Amino acid sequence: MLAATWFVAYSAVLPQTQAAWGLSAREAGMIQAAFHLGYLSSLFIVGFIADHFGAKRAYITTGVAACASPWAFVLFADGFWSALWLHAFTGLCQGGTYTPALALINDHVARERRGRAMGYLIAGSSAGYAVCLAVTGIVMRASEWRGALAAVALLPVVSWITGVLVLRGTPNTVHPRPAGERLLASLPAVWRNRRGMASIWGYTCHNWELLGLWAWLPAFLTAALLAHGMTSETALLFAALTYVANITGSIVGGTMADRWGRVQTLLTWSVASLTLSFAIGWLIALPIALLVLLACFHNFAAIADSSTHSTVLAESVPPHYLGVAYAVRSVIGFGAGVVSPVVFGWALDASGGSWGLAWTTLGLGALFGPLATWRLRR
């Protein structure tokens, strides 16, 4: 939860930095995309590290960079180009908080409880997003955006210290590879795994929608609430409420996957989420209570299949190259997440501020997710 707080920190102050630095919507989206680009690069690297050195060792070692790097953005970001490169740098340092955590769960949780366990991990991340938005909204009542980001940057430091303490009794497991097989041989093995790749393509569509949603939902709700005479700080607190729905969605989705089946769960929530992506942008004039409720359900549905994607991949490949499988998925899946916020911002600029058209780009990118999931069923 604490490690994930930095992931939406820039989105939380996007309206303030956009005004202070004179950014277009496309430029604002590019800064968020730079973080995702750095993050996917980090996940690719950390996947190999986790396979070679063990998940616990990878989690603790790379966590040093994850908790230290946000301070570079807090102290030195002062315009489009500095923010672009510094946010890319913070993303490059964050991968150790995710892939090794998934591997730790796969190593230490039985299959019949694994979906729920993955759900709790994703729920912790969602709780972190809510905490970030809430902290930012509260601090900005007495400070400006840089002070709010400094408050958020403290939380990953606490996360790393906590991680070191709670993993003291957890063994560091390194799964042996077949005799003579090199680490890089895992890459073509992942590509040849049809079930694993079907899961990866489904996850890619899921990420296009989810990361675009997370990048732009706070700004969308801010625009809606400002139109109703509310403050941007109040809008952040409402946006934090929608991330609380992520927590429930992660746990419900993971539990459903254990009890109802992996594929059925993926199909149900991916279809529900992409339907909302096509609709929510056109409904910005709804009464605030109804719009926030709809945003909560959208966040719920968009995250509900996330842990199941991770579980399916873990169960589709041999454990000695699971980290590499997650690395391949990260490059493809988070690559989509790099592009979608930029496309969203471009559509918002090109359409003269049409939130409906901008949100539609997320739905279009998510359309092929259920088709990839159907291949898993076959």
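Buried means under 20% relative accessible area. The term is used in this sense in the legends below, which describe close-up views of a predicted model.

**Figure 1. The aromatic pair W21 and W145.** Rings of Phe, Tyr and Trp pair if their centres lie within 6.5 Å, and by this rule the model holds 15 aromatic pairs. In one of them, the ring centres of W21 and W145 lie 5.3 Å apart and the planes stand at 85°, so the pair is edge-to-face. The two residues are 124 apart in the chain and join distant parts of it: W21 belongs to helix α2 (residues 14–21), W145 to helix α9 (residues 145–166). W21 and W145 are both buried.

**Figure 2. The aromatic pair F80 and W81.** Here the ring centres are 4.9 Å apart and the planes meet at 70°; planes over 60 degrees apart count as edge-to-face, so F80 and W81 form an edge-to-face pair. F80 has a relative accessible area of 13% and is therefore buried. W81, at 56% relative accessibility, counts as exposed.

**Figure 3. An aromatic cluster and a charge over a ring.** One aromatic cluster is made up of W216, F220, F344, W355 and W359. Also shown is R329, whose charged end sits over the ring of Y203 at 3.7 Å from the ring centre.

**Figure 4. The largest cavity and its lining.** The model has three cavities of 30 Å³ or more. The space in the largest cavity is about 130 Å³. Its lining consists of 14 residues; A50, D51, A103, H175 and P319 are those nearest the centre. Helices α3 (25–53), α7 (99–108) and α16 (322–350) are the elements that give two or more residues to this lining. The largest share, three residues, is supplied by α7. Sorted by class, the lining of the largest cavity comprises six nonpolar, six polar and two charged residues.

**Figure 5. Helix α7 and its surroundings.** Eight of the ten residues of α7 are buried, and the helix is mostly covered. The buried residues are T99, P100, A101, L102, A103, L104, I105 and N106. A103 is also one of the residues nearest the centre of the largest cavity. Through its buried residues, α7 packs against α3, α4 (55–68), α8 (111–139), α15 (306–314) and α16. Of these neighbours, α3 and α16 also give two or more residues to the lining of the largest cavity.

Methods:
Residues are numbered from 1 along each chain as its sequence is written. This is a predicted model: local features need pLDDT of at least 70, side-chain atom pairs count only at pLDDT 80 or more; totals for chains, interfaces and linings use all residues. Side-chain values use heavy atoms; hydrogens and water are left out. Rings of Phe, Tyr and Trp (its six-membered ring) pair if their centres lie within 6.5 Å; planes under 30 degrees apart count as stacked, over 60 as edge-to-face and the rest as tilted. Helices (H or I, at least four residues) and strands (E, at least two) are DSSP runs, numbered from the N terminus. Buried means under 20% relative accessible area, exposed over 50%, partly exposed in between (1.4 Å probe, protein chains only). A charge sits over a ring if NZ of Lys or CZ of Arg is within 6 Å of the ring centre and within 35 degrees of the ring normal. On a 1 Å grid over the protein atoms alone, a cavity is a set of points where a 1.4 Å probe fits but cannot get out, and a pocket is an open set with protein on both sides within 12 Å along at least five of seven lines; lining residues have an atom within 4 Å of a point. Grid points are joined across faces, edges and corners, and a volume is the space filled by probe spheres set on the points. Ala, Val, Leu, Ile, Met, Phe, Trp, Tyr, Cys and Pro count as nonpolar, Asp, Glu, Lys and Arg as charged, and the others, Gly among them, as polar. Contact means heavy atoms within 4.5 Å.
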